[in-house]
Amino acid sequence: EVPNEPEVETKFSSKNSVKQDLRVRIKVPQEYCTSNLTKGYKNVLADAGGIIFPYTPQISVEHKAEYATQTPLHSNYALNFYRNSAVSDISIQGLFTVQNDYDALTFLSTVHLLRSLTKMRFGNDPNKGSPPPVCRLYAYGDFMLDKTPIVISSFKIDLLSEVDYYHLGPTNAAAFGEAFVPTKATINLICKPMYSRNEMLGASVSGWLTNSSQRKSGLL
């Protein structure tokens, strides 16, 4: 039994009787978080359907319209011609802390899951050749980043030299063996919005302005 396992109570300030989980999380295909290495201690990742950031992460996303510029000879002003619009990569910086075996196993499971989400199917895999899976980013409710389809293009872990490392003994972590886990670490994710052609063809500016269905379906 893992000692000092924290109990987390989520409180909601909304008066709505339907309580929506507004924590930042990434839902992944079920098969990715059900193994002994990715479900977390007591199935914490499997029950959540993926990754939950324990602290409020820093998220950055940019919307932009691209223009081509022409500069006519002997002219005081440039001519700008619209090219296309785009939503940039979504950057997420999340803090993780480790104080006990429960935290350590959750951190290791999260890292192991992220490694698998950046790999294609290969080798003896029956679905070899398939690209990394499309996941769903949920953050802060409707009209924020809920249900946004993403792929994780990269992730980086900062293993700092000035922090302590928690010793995870092999008897408490049979799946992972023995490890030293940082008591404080930041995981940086770069996620690409990943819309299907049908989703793009079904979108419109008039619908965006007057109907919430596009936003609630994950379009940014």
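**Salt bridges**

I started with a network of salt bridges that links Glu31, Arg121 and Asp125. For a salt bridge I asked for a side-chain nitrogen of Lys or Arg within 4 Å of a carboxyl oxygen of Asp or Glu. I was working on a predicted model, where local features need pLDDT of at least 70 and side-chain atom pairs count only at pLDDT 80 or more, while totals for chains, interfaces and linings use all residues. Residues are numbered from 1 along each chain as its sequence is written, and side-chain values use heavy atoms, with hydrogens and water left out.

I looked up Arg121 and Glu31 and found their side chains meeting at 3.1 Å, N to O. Arg121 sits in the loop between α2 and β7 and Glu31 in the loop between β1 and α1 (44-48), so this pair ties together parts 90 residues apart in sequence. My helices (H or I, at least four residues) and strands (E, at least two) are DSSP runs, numbered from the N terminus.

I then checked Arg121 with Asp125, and this salt bridge came out at 2.9 Å, N to O. Which of these residues are buried or exposed? I call a residue buried under 20% relative accessible area, exposed over 50% and partly exposed in between (1.4 Å probe, protein chains only). Arg121 is buried at 18%, and Asp125 is buried as well, whereas Glu31 is exposed at 55%.

I counted five salt bridges in the structure. Another of interest to me joins Glu199 and Arg136, with the closest N and O atoms 3.9 Å apart. Glu199 is in helix α3 (residues 197-201) and Arg136 in strand β7, 63 residues apart, so I noted a link between distant parts of the chain. Both ends are partly exposed: Glu199 at 26% and Arg136 at 29%.

**The sheet**

Next I traced an open sheet of seven strands, in the order β2-β1-β7-β8-β11-β6-β3, with antiparallel pairing. I took two strands as paired if DSSP finds at least two bridges between them. At the edges I found β2 (50-52) and β3 (58-60), each with a single partner strand, so one side of each has no neighbour in the sheet. Neighbouring strands are turned by 30° against each other on average, direction ignored.

I went through some of the pairings. Three bridges join β1 (residues 25-27) to β2, with Lys27 partnered by Gly50. Three also join β7 (residues 135-138) to β8 (residues 148-158), where Cys135 has Ile150 as its bridge partner. Between β8 and β11 (residues 184-193) I found eight bridges, including the one from Ser154 to Ile190.

**The helix across it**

I saw α2 lying across β2, β6 (90-97), β7, β8 and β11, at about 120° to β8. Here axes are lines fitted to C-alpha atoms, for helices over the stretch in contact, and angles run from 0 to 180 degrees between N-to-C directions. I picked out Thr110 in this helix (residues 101-117) and found it buried, at 2% relative accessibility. What does Thr110 touch, leaving aside neighbours within four places in sequence? I listed Leu45, Ile51, Phe96 and Ile187, taking contact as heavy atoms within 4.5 Å.

**One more residue**

Finally I looked up Tyr165, which is in strand β9 (residues 165-168). Tyr165 is partly exposed, at 33% relative accessibility.
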